[in-house]
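Me: I would like to go through this model with you and ask, for each label, what it rests on.

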Amino acid sequence: MLFEWPMKGGKDLFPIGPIENGVNQGTSEAHLKREELEAIDIPAPFGTEITAIHDATIGYTGWMGEAGIVVEYVFDTEQDYFLCRACHIQDGGILVNYGQRVLAGESIGLVGNTGLSTGPHEHFVMELNGNRVNPENYL
């Protein structure tokens, strides 16, 4: 099952950052120690629109420590429950509200550099039935 790319303009315009030695370049030291490839980094200019990968409900918007400003959303498929988190959103860049329904491809935030981050990008996290998964397997 494949979902939409989480950045307006698509994967061709905004691919995952170069991978070297099995680690996404531009990832903070904190990410390297804990997550490795259980998330992806998508480098993009400040203000690039971050989009929902599937029709979903916004479950959280706000500050989340090292992840900076985040938008979290959830959705179900016939058999599975997904939670997605877009991290490092720019200050003032949240475009949705808690509880709001969004459609696949709808803008939810703007790329920034908040939290523990080395440059503007979307750090995209995905959980499947409560377990962290590599988003590349679903996008």
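Reply: Leaving aside neighbours within four places in sequence, isoleucine 53 is in contact with Phe3, Glu4, Trp5, Pro6, Tyr73, Phe75, Cys84, Ala104, Phe124, Met126 and Leu139, where contact means heavy atoms within 4.5 Å. This is a predicted model, in which local features need pLDDT of at least 70, side-chain atom pairs count only at pLDDT 80 or more, and totals for chains, interfaces and linings use all residues. Residues are numbered from 1 along each chain as its sequence is written, and side-chain values use heavy atoms, with hydrogens and water left out.

Me: What makes a set of residues a nonpolar core, and which residues have the most contacts inside the largest one?

Reply: The term stands for buried Ala, Val, Leu, Ile, Met, Phe, Trp, Tyr and Cys residues joined through side-chain atoms within 4.5 Å, buried being under 20% relative accessible area, exposed over 50% and partly exposed in between, with a 1.4 Å probe and protein chains only. The largest such core has 31 residues, and those with the most contacts inside it are Ile53, Tyr73, Ile108 and Met126. Two or more residues each come from strands S3 (39–43), S5 (56–63), S6, S7, S9 (107–111) and S10 (121–128); strands are DSSP runs of E of at least two residues, helices are runs of H or I of at least four, and both are numbered from the N terminus. Another core, of 5 residues, lies apart from it, with Ala39, Val70, Cys87 and Val125 among them.

Me: Why is the pair of lysine 8 and glutamate 49 called a salt bridge?

Reply: The term requires a side-chain nitrogen of Lys or Arg within 4 Å of a carboxyl oxygen of Asp or Glu. For lysine 8 and glutamate 49 the N to O distance is 3.6 Å, so the pair meets the definition. Lysine 8 belongs to the segment before helix H1 (10–13) and glutamate 49 to strand S4 (residues 49–51), 41 residues apart.

Me: How do you know whether lysine 8 and glutamate 49 are buried, exposed or partly exposed?

Reply: Lysine 8 has a relative accessible area of 42% and is therefore partly exposed, and glutamate 49, at 30%, also counts as partly exposed.
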